[in-house]
Amino acid sequence: MTIKNTEIQELLVGVDIGGTNTAIGIMDVNNKILFEDSFFTLPENGVDDFFNRLTNIIKKEYEKFKPNYLLGGIGLAAPSANYLSGAIESPANLKWGNVNLIEIMKKHFDVPVVILNDANAAALGEHNFGAAKYMKNFIVLTLGTGLGSGIFVDGHLLHGENGLAGELGHTIIDPDGRQCTCGRKGCLETYVSAIGIKRSVFHFLCNSDDKGELRNISYNDLTSKKISELARAHDPLAIKAFNYTGEIFGKALANVVTYYNPEAIILFGGLADSDDLLIDPTSFFFDKYLLNIYKGKVRILKSELQNGKAAVLGACSFAREIITKSIISV
Ligand SMILES: [Zn+2]
């Protein structure tokens with residue numbers, strides 16, 4: 001077995017395709033970021049329009065690095081992406097149906113292309129560049145519109161039999177609970193996510209006569225950021241919504257620990273930016289419900305990477321992993 005010393009001049013491209021924004025990064029083999037940018041995904045314009053714009057950006061930027069660098073590989077992070085099939089499987093916020101992203105990219109670039117679930121990409125990014133450096137067992141939870149998760153066990157990203165491991169957001173916590181986008185009721189992400197906390201605010205508005213600014217904001221205008229701002233301004237209903245979210249989240253995380261025995265649980269995404277408002281009640285209930293043997297052994301941390309960056313870095317890392325494996329196996 002020999003390792004060819006050709007990767008020194010290679011570039012890796014990482015792309016994080018989100019429902020609103022798409023982030024792109026170009027990195028050399030020494031993990032130096034040479035280019036980063038983001039643009040509107042505009043999923044309503046269709047998959048062809050999106051990939052025309054994406055591939056044009058990559059081609060244009062790649063031209064600038066020639067001839068000193070070669071394009072080594074491309075990693076795509078996307079919601080509901082299956083790294084085994086190469087397809088995204090009807091993600092709710094893209095509405096492109098089942099699309100094989102690898103086949104599309106291969107029409108434009110004759111290099112290895114890999115895809116993986118955006119939360120798994122965030123976990124890889126966190127492992128190689130962020131809060132989980134040097135950790136072998138940890139879980140990254142992305143708290144955006146939904147709740148995504150990427151799980152590292154014994155130093156490896158957990159993929160599962162069908163490449164679909166780690167859908168913690170769809171753990172049912174109340175079978176008669178809130179309607180979820182997956183078609184079932186009471187999934188964790190219907191409570192613990194940017195949308196989930198909005199739903200909690202409206203639940204409390206309906207079931208109390210609490211006054212306050214929240215009563216004057218429509219559902220579509222309300223954001224988790226706004227709820228954070230009001231909680232910091234001591235709005236009782238906003239604080240109640242965070243405490244309720246934290247109670248459900250802490251309990252769920254205590255259960256998750258029994259499956260994976262992680263060293264840390266790392267929170268990432270918009271709702272995680274509310275910091276102590278979410279982390280304090282979550283930690284309280286997490287400690288309350290945690291099995292004794294794990295007490296004092298699991299930390300709840302916030303991501304050290306800027307929003308949007310973890311998945312891009314993770315997608316690059318995954319591309320490198322796949323390329324390295326194929327080089328070694330020659
Ligand atoms: Zn669900």
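View 1. Asparagine 98 belongs to strand 7, which covers residues 98-100. Is asparagine 98 buried or exposed? It is exposed, because 12 other C-beta atoms lie within 10 Å, and a residue counts as exposed when that number is 12 or fewer. Between asparagine 98 and alanine 81 there are 9.6 Å in space, C-alpha to C-alpha, although the two are 17 residues apart in sequence.

View 2. Three strands with antiparallel pairing make up an open sheet, and their order is 5-6-7. Strand 5 (81-82) and strand 7 stand at the edges with a single partner strand each, so one side of each has no neighbour in the sheet. Strand 5 and strand 6 (residues 87-89) run antiparallel and are joined by two bridges. In this pairing, asparagine 82 stands opposite alanine 87 of strand 6.

**View 3. Strand 8 and its parallel partner, strand 4.** Strand 8 spans residues 113-117 and is mostly covered, with five of its five residues buried. Over five bridges, strand 8 pairs in the parallel sense with strand 4, which runs through residues 70-78.

View 4. Five strands make up an open sheet with mixed pairing, and their order is 11-10-9-12-13. Its edge strands, strand 11 (156-157) and strand 13 (299-302), each pair on one side only. Four bridges in the parallel sense connect strand 12 (residues 264-268) with strand 13, and here isoleucine 266 has leucine 301 of strand 13 as its bridge partner.

View 5. Strand 10, made of residues 147-153, is mostly covered, since six of its seven residues are buried. Strand 9 (residues 138-143) runs antiparallel to strand 10 and is joined to it by six bridges, with isoleucine 139 finding its bridge partner in isoleucine 151 of strand 10. In the hairpin of strand 10 and strand 11, two residues lie between the strands, and aspartate 154 takes a positive phi near 50°.

**View 6. The buried side of helix 5.** Helix 5 runs through residues 224-232, and its buried residues are Ser224, Ile227, Ser228, Leu230 and Ala231. Why do they lie on the same side of helix 5? They cover an arc of only 165° around the axis, which puts them on the same side of the helix. In general, an α-helix has 3.6 residues a turn, so residues three or four places apart point the same way. The buried residues of helix 5 are covered by elements including helix 4 (194-206), helix 6 and helix 7 (276-289). Just after helix 5, histidine 234 takes a positive phi of about 70°.

**View 7. Where the two domains touch.** The chain is divided into domain 1, which takes in residues 7-123 + 308-328, and domain 2, which takes in residues 136-302. Their C-alpha centres lie 28 Å apart, and 12 residues of domain 1 are in contact with 16 residues of domain 2. On the side of domain 1 that touches domain 2, helix 3 (residues 118-129) gives the most, with five residues. This side of domain 1 is made up of seven nonpolar residues, four polar ones and one charged one.

**View 8. Confidence along the predicted chain.** The average pLDDT of the chain is 90, and 95% of the residues score at least 70. Among the elements of the chain, helix 6 (residues 236-260) has the highest mean pLDDT, 97, whereas helix 8 (residues 309-328) has the lowest, 80. Over residues 1-5 the pLDDT stays under 50, and the model has five contacts for them beyond four places in sequence. Where pLDDT is low, the predicted coordinates should not be read in detail.

How values were computed:
Residues numbered from 1 in each chain as written. Predicted model: local features only at pLDDT ≥ 70, side-chain atom pairs only at ≥ 80, totals over all residues. Pairing = 2+ DSSP bridges. pLDDT = per-residue confidence, 0-100. Contact = placed C-beta atoms within 7 Å. Domains from an automatic or database assignment. Nonpolar A, V, L, I, M, F, W, Y, C, P; charged D, E, K, R; others polar. Buried ≥ 20, exposed ≤ 12 C-beta atoms within 10 Å, placed from the backbone. Arc of directions from axis to C-beta.
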